[in-house]
Amino acid sequence: MITTIVANWKMNMGYSDMIQLTTSLSIINPESVSLIVAPSSCYLHYCATHLPHARICAQAISEYEHGAYTGDISAEMVQSCGARYALIGHSERRALFGETAAAIEKKLMHCRHHQLTPILCVGETMADRESNQTHHVISEQLSPMLTYPGDYLIAYEPVWAIGTGQTATPAMANEVHAWIHDMVGDHVPVLYGGSVTPDTAPPLLCASDINGVLVGSASLSIPSITAIINAAKSIEVTS
Ligand code: PGA
């Protein structure tokens, strides 16, 4: 399976900084590595037209199809601006914006109707891990995918590792990835996310069930994201 790197820019950068980052990224050829960039919605079209080697992902979509939902952004809108993927169920959306399991199911339906490939984010909190609930929590989060009719990716992002500088060890992450693969099948790419850096990416990418990484803060730095892409390329060549 080809290695996938998702650069999740989150809510960062004004327009001119975004243009600078996009311009630098546009000359990096990831070759056989699949590079997916998730800019904020107002930059989707710019990124879709200026990043020839990347595919574009929405960070979030509305649970509604269209209509009087001021400020919301629909699957149809992001798709028509060039997005081909959508992050669904990111832990920041679940925790800070109250994204429920019911809303996630509706968003998956919109992805299907508007030709967006969902990247479903799953992961346990530290309290879940300490009370041995990791598999239980993740199996509930995965359940809508078990009957999903199209292609999708999973991003395993332990909540305690996102933006904290604490990364799961490759062995810890691989154990959960292997278990997710048992649930969804080996053909589904399962990416790891949570404080991935140029130092932590290589051993994670070498693990047997880790098919790529979802990178947040390190994706805002060209030297860091380049190092992570290069690590993925060299691991593909040697494996
Ligand atoms: P991080 O974010 O790499 O800054 O921890 C990962 C994510 O997108 O959740």
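These legends accompany close-up views of a predicted model. Local features need pLDDT of at least 70 and side-chain atom pairs count only at pLDDT 80 or more, while totals for chains, interfaces and linings use all residues. Residues are numbered from 1 along each chain as its sequence is written, and side-chain values use heavy atoms, leaving out hydrogens and water.

**View 1. Helix 7 meets helix 8.** Here the axes (lines fitted to C-alpha atoms over the stretch in contact, with angles from 0 to 180 degrees between N-to-C directions) of helix 7 (residues 134-142) and helix 8 (residues 170-184) come within 11 Å and cross at roughly 40°. Look for Thr134, His135, Ile138, Ser139 and Leu142 of helix 7, in contact (heavy atoms within 4.5 Å) with Glu175, Val176, Trp179, Ile180, Met183 and Val184 of helix 8. Helices are DSSP runs (H or I, at least four residues) and strands likewise (E, at least two), numbered from the N terminus.

**View 2. Around the ligand.** Among the 13 residues around the ligand (a heavy atom within 4 Å), His90, Gly163, Ser195, Gly216 and Ser217 come nearest. Follow an oxygen atom of the ligand to a polar side-chain atom of histidine 90, at 2.7 Å. A polar backbone atom of serine 195 lies 2.7 Å from a ligand oxygen atom, and for a backbone N or O atom of serine 217 the distance to a ligand oxygen atom is 2.9 Å.

**View 3. Lysine 10 in its loop.** Lysine 10 sits between strand 1 (4-8) and helix 1 (15-26). Its phi is near 50°, a positive value in a residue other than glycine.

How values were computed: Polar contact = N/O pair within 3.5 Å; in protein donor to acceptor, adjacent residues only side chain to side chain.
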